[in-house]
Amino acid sequence: MNITTLVFILLSVMAVGSALMMIASKSPVHSVLWLIVVFFAISGHYILLNAQFLAIVNIIVYAGAIMVLFLFVVMLMNLNADTEPIKNYRLQLIGVISGGTLLLIILSAVMKIDVEQMVEMKTGDAGLIKSLGFNLFKNYVLPFEISSVLFLSAMIGAVIIGKKDEITHEG
Amino acid sequence: MMLLSVDISMVLEKLLLIVVVISASLVIAMYTTFAERKVAAILQDRRGPNRAGPFGLLQPLADGLKLFFKEEIIPAFSSKFLFILGPALAMLTAMMTSAVIPWGGTIELFGRKIDLQIADVNIGVLYVFGVVSLGVYGIMIGSWASNNKFSLLGGLRAASQIISYELAMGISMIALLMVTGTLSLKEMVDLQQASYWNIVYQPLGFLIFLICAFAECNRTPFDLPEAENELIGGYHTEYSSMKLGFFLFSEYINMFISSVIMSTLYFGGYDIPFINEAAMFSPNVVAIIGIAALMAKTSFFIFVFMWVRWTIPRFRYDQLMYLGWRILIPLALFNMLATGGAVLYFK
């Protein structure tokens, strides 16, 4: 067992454990904090795969910005177990079915993995910022631009929603 | 079992470097609190602290001792773990940035070349940015766990303020990356040593970065999370003893680290201006002079932080948001476009 495997096992335990804790926690604030730990563990996995750029962007975007907003909303609404509405039987059934379907898809993907061909760890430069840049702006420039248009439209949508509120508030 | 196949002396060297850097940051932050009181006194035509020791030099120790002996109060109905985690996280994120800063050149000791940098990662700038974006958690968690409306308001203000100013800061950094073409802080300093400092190419970017650094450190004029005349003490209202000390102290460490970052990114880091020091002295002397140069630049920026604090009154919250979203972000975008155009034209 070399050090990479040891780190991998540690990170995996951390990721799966915190994900379970996220679901099991009664308080939404604790759930959000556990989710942040999950993101850190996943970033650790990215670093093991020598994808430092992805690792740090994962932290900046997910742990640093999106989860702050999550925490912000949860704290502001002061959610806790008492105010949580009791979901009826049908809703629970729908949740079980959709969650189970996702589990099936993931399982079928995992079953197909060839264990002999594990990912190369700490080698290759596919995840480094230079090769990433060349790939994004040369080989995959069209999908990249299309996704940026998607982001732009989402941004405009957010601005319009914000403006609408402002207009009704003033008028 | 051969688990660690790494160079033991390398590990020792890095460990030593970490201990030195962390303790140096702590001592410097300690004396920054003293300097702040002295600078405030000078700007307000007072004497400032002068009782503890010669020239009041022992004042920070006295302050620390006082904080340790204060009664520790943990409010009822608050999450005790999160209440303690808040200030601990604030301190941790304040210290983490120091890992990627190049504090000086290379020192030769006992036949080994020691880089005065804990980790020269090739995404150094992004690492700094990531840690800055995590800095808000300490305040948010602490303020929520306090179970106090004033604290919560302070925490929410801190979160929205830091997210808003991160954008402009990030965009101004992108312009800098376009000029230098590297994400490693060490390479950035090397480039500045070979040519002009980045401030020559990025004056507007530096201004935006400076303003955002004030907001990210929660310093006046942007210290709304702890605005004492509206929110009592803001996010640390419920804190006492050394936990309050951690919150206050992490602000000074943040100030020190962001001053170092500004010197490194825009003012040549450990480069000494106008002379080619490598040709004049032995490498070890050059490294020591380099550290002194970096500290001199840093001290200047720390002074600017204090100067502004005791000169400009606090912003109103809507003014803060207006400045961040309507002025700094368009300016930063303009700066990025202009820089991109210039890089394309000249290179």
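Q: How many residue pairs are in polar contact between chain B and chain A?
A: A polar contact is a pair of N or O atoms within 3.5 Å; within protein, one must be able to donate a hydrogen and the other to accept it, and residues adjacent in sequence count only if both atoms are side-chain atoms. Here there are two such residue pairs between chain B and chain A, both at pLDDT 80 or more. The model is predicted, so local features need pLDDT of at least 70 and side-chain atom pairs 80 or more, while totals for chains, interfaces and linings use all residues; side-chain values use heavy atoms, without hydrogens and water. Residues are numbered from 1 along each chain as written, with chains lettered from A and ligands numbered from 1 in written order.

Q: Which elements of chain B give two or more residues to the side that touches chain A?
A: Helices are DSSP runs of H or I, at least four residues, numbered from the N terminus. On chain B, those elements are α4 (124-134), α5 (136-145) and α6 (149-180). The largest share, six residues, is from α4(B). By class, that side of chain B has 18 nonpolar residues, five polar and one charged (Ala, Val, Leu, Ile, Met, Phe, Trp, Tyr, Cys and Pro count as nonpolar, Asp, Glu, Lys and Arg as charged, the others, Gly among them, as polar).

Q: How much area do chain B and chain A bury between them?
A: Interface size is often given as the accessible area lost when the parts come together. With a 1.4 Å probe, and summed over both parts, chain B and chain A bury about 2,200 Å², 80% of it on carbon and sulfur atoms.

Q: How much space lies in the largest cavity?
A: On a 1 Å grid over the protein atoms alone, a cavity is a set of points where a 1.4 Å probe fits but cannot get out; lining residues have an atom within 4 Å of a point. The volume is the space filled by probe spheres set on the points, which are joined across faces, edges and corners. In this model, the largest cavity holds about 410 Å³. It is lined by 25 residues, and those closest to its centre are Val132(B), Gly135(B), Glu216(B), Cys217(B) and Asn254(B). α11(B) provides the largest share of the lining, seven residues.

Q: And which residues are closest to the centre of the second largest pocket?
A: A pocket is an open set with protein on both sides within 12 Å along at least five of seven lines. The second largest pocket has about 960 Å³ of space. Closest to its centre, of 34 lining residues, are Thr33(B), Leu67(B), Leu248(B), Phe249(B) and Tyr252(B).

Note on methods. Buried area = accessible area lost by both parts, 1.4 Å probe.
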